[in-house]
Amino acid sequence: MDSRLRRRLERAFADRLQGPVNQRQDTTEIRIGAEGVTDVMRALHDDSEFKFEVLADLAGVDTGTEMWVVYHLWSAQSPDWLRVIVGGLSRDDPRVPSVTFLWNGAEWAEREAYDMFGIIFEGNRDLRRIYMPPDYTSFPLRKDFLLPDDAARSPGEGFRHMEQTHQPAEFLRQPVVRRGKDSLAPNRGPRQ
Amino acid sequence: MSVISRPWNRLTLAGKIILPLLALMIAMPIILLVAWASGLLPWLLGIGGQVVTDNIDVVRFLMAATAILLFTVPTAFVIIFMEMKIIAFINSRVGPNRIGPWGTLSSVVHGLKVLVKEDYTPTGADPIVFTWAPVVTYLAAVLGLLVIPFAPGLVGLDMNIGLLYFFAISGLAVVGLMMGGWASFNKYSLLGALRAAAQVISYELPLLLAPVGVVMLAGTLSLNQIVANQAGNFWDWYVFQQPLAFLIFFIAATAEGNRAPFDLTEADSEIVAGFATEYSGMRFGFFFFAEYVAVFILSALTVTLFLGGWNAPLDVAPLLAMLGIELAPAAIDLGGLGMGLLIIAAFGVPLVILGLTLLLAMLFSHWGWIKSLVVAFILFNVIVGAVVGLWAYMSFEVVSGLFWFTAKTFTLAFVFVWMRGTLPRVRIDQLMGWAWKWLVEIALLNIFLTAGAILIIQELTRR
Amino acid sequence: MTETTTRSLDDPDIWVDTPATIYDAVPPYPPRTEREAEFYHLRDGEMLLNLGPQHPSTHGVLRVVLKIDGEQVVDLDPVLGYLHRGVEKICENGDWHHAINQCDPLEYVASMFSEAMPVLAAEKLLDLQVPRRAEYIRVLCWELNRIASHALFMGWLALDLGGLTPILYGFIERDEIVEMLAAVTGQRVLFNYLRIGGVNGDINHDFMSRLADWMGRAGKQIETTTRLLNENEIFVRRTKGLGVLDRETALRTLCTGPVLRATGVPYDVRRAHPYSVYPELEFDVPTRTEGDSYARYLLHVDEVRESIRIIDQILHELPDGPVMAKIPRLIRIPPARAFVAVESPRGQYGCYAMSDGTDQPFRLRLRDPSFFNLQAVGLLMPGNLIADTMAIMASLDPVMGGIDK
């Protein structure tokens, strides 16, 4: 536990913190609101008293009542992991500012959180689904996602290929050119 | 009947054509022998003789082309087997060891396998160009063999512009690759084909410029004459007068044959299989036969130009004469033995085999008599084969020439395989830079140096 | 370059005009983001090339859509998800013990690390003290597995550059190690050996004799491979100066592991945020400053040497005692949150775990290093030739099991 870090955090973000700075084992935890993400993260990354250069993790969490985005940061100046919980996001329309302006590598992590929880990261230039098919409508890691129901409700359900699911009808009606009975187009997947 | 018809139906069109041809190939010597013995052939030749003698060049060309076409198949098989085994050794693997003794027949089985595999044309491909591309590539590889002198007198066509003919024909291979890559309707194939075009055309320059020094020394473009000029001991070979040219030629040949480390056209970790991505069955087989035949041909040409062709590395005759030994080829007159020959054939051979069996059975008492007999038979054959081979080697120039030519060629083919097992692949810009920035310049320098040296020597000898 | 629109997703007629679209990389739906619209908008002379998902050298089923101009890569769009099985959801539906073998196949090349994640997280949530012998055995297995993974990396890199042999040399080394680990864990690839509170079974004689035998010539095989590559002119020329990441970019892209250390940042979780018994062991964190593919390759070689040092110390200091803490079979973890991280061969493997008092994880977030390292291809590949994309991707050493989760 790093009490110096706690004091510094309390001093720097007194007005931003929602609740006390928790410290347990080797982790210091602060909780902020979505409106404070940009400032706090910028300060944590840039200020010489923090210098949290490494974003160790970015996770979305669905607690059942609200959405969280959880950041874990590492700095050479502190022996602790710093956990920044952005809580209190509504489950209907969770919106958080993106941190890609500090760590452009957070782009995929944010895409993943969007894909799994539907959390919208404002400022991420490429916020689309990363794992699930593009026409998928559910968010699998939400607590109200029940596998058979929600998967079946999605248009991407079934054993169809991602790219062929939503082909425009005109194209599907085009005859496939076949030359002789021996010719065979073996692979209709993404090719070339 | 279904025993025959079922595998026959499985054959693709190419297989249905090639398999009867193979059968015919095996049957042809027997038919010819019977025809000759029964007097049919001489009679036919008597009629056709006039036509043949009138068009002897055409006939000779056709005969040589056919013979060489048939010759390429076993050559490719041997080189494929060599590659599988040697790369396995380099990789510390076992390699093929199931079919035939030490896996020697695996490459033959691979050849049969591609015959029965499905031969499909992808949707969107240009079927005509797609079908003819492997043929063009294969023919370009094979026809180059026509001018290679295998042994004194054993040359398909002794052209006085043999070297030019060779380069003209082997340059056609890239047309086949381009056809295949373009017609496949696949971007990987297209990339492979474009790489092939860039690479082969770039390396054609050093490949052509390097032997110019040799041509200047030999004063001829005929490969036969070039080999004849290198007669004598191994220090008479052109590799010692043209070491630079040899290196350039070998590097350029590696690139020309699309072999590692210059195998960018079929770089499997980058563009899947390059121009051959969409090919299957015998068409794919043709591409790969062409590649291995190209390895053989390029090795053969390097041997011809730089390593003395069919000349033995040491001319032993003067050496032996100095020592006072005269090894005249033993002219055995078998007919002179008369009945003795029959007696030797009828009783001598079994007696020797039985004697060897007895000897082996006594030496290795734990062997059964059948094993001793079999080993004795093999041993007898080996001994007789060695004796006959030695006799043939000493008596006939063709045999000795063929022996040395084959030995040198396969040594070079081994080097090709060795490089493939060891080296990573170069990048396309490094490859092109290497050709245009170094090889061409050094080849030109080599030409100037050679010309200067020839001039100086001529001046010196004139005085 | 003149901006001639050859094909754009906004144009509804493209599907009818070009019958070849079925083979095309352009996705058949309107662009979802500006970035996607920009990427699939082809300028004059540009072409899309689908690299994968079935491709010899994408290390699994990664699909990268390359936008190429001739042989030069202009832009690229990695498409993930072909191996996605929703391991985080699966972990939430099983209990804590099940999570161990569900996490095993994430990093299938070094699964001792990914299976450690739920174990370490549960121990931290429980405030559980693991017996020292178990900790030492864990570190021993981790370091062996690291060598096994690095040995394969060298082969892979060479294989993607067209060298046939080093991959088999790497497999010789790896095979010895996985056989050794199989002697103690019972599995060659997916070990399922770590348990909450210790390890599953003490090390046995078979393992120790194999290990002692291997330690006698440890690194010799690695030296053979490196001798084959280090002085190979073609290999050096193809990797040196290729895919250069500088320190700032690597940190901003969240690269960890050898990719980050090759840029000069000594960020190794074993030293940066020590766990297990690493503080007691003596080893260095090798770094290099070049940040190119060659530096990454050399860094792997250095790390193998350091791992051998660690194994040597463990063999000398291995304490006696039990290998499992005394904990009940059914664990109910009181509500808490914990973040753990280990240094896997590819970088920082992290796990954020939440418990809600039941015997199942409430949320188990896995942070895979290859997922973030792979993101660097977007920065490294443009401007290079297609052949170099392979060298770059291989030098980042992605494992798709972990990336797609």
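Predicted model: local features only at pLDDT ≥ 70, side-chain atom pairs only at ≥ 80, totals over all residues.
Residues are numbered from 1 along each chain as its sequence is written, and chains are lettered from A and ligands numbered from 1 in the order in which they are written.

Strand 7 (residues 347–355) and strand 8 of chain C pair in the antiparallel sense over six bridges. Strands (E, at least two residues) and helices (H or I, at least four) are DSSP runs numbered from the N terminus, and two strands pair if DSSP finds at least two bridges between them. C:Tyr352 stands opposite C:Arg365 in strand 8 of chain C.

The open sheet in chain C is formed by three strands in the order 6-7-8, with antiparallel pairing. Strand 6 (336–344) and strand 8 (361–367) of chain C each have a single partner strand, so one side of each is left without a neighbour in the sheet. Neighbouring strands are turned by 15° against each other on average, direction ignored; axes are lines fitted to C-alpha atoms, for helices over the stretch in contact, and angles run from 0 to 180 degrees between N-to-C directions. Helix 6 (residues 116–126) of chain C packs on this sheet and touches strand 6, strand 7 and strand 8 of chain C. Contact between two residues requires C-beta atoms, placed from the backbone, within 7 Å. The direction of helix 6 makes about 140° with that of strand 6 of chain C.
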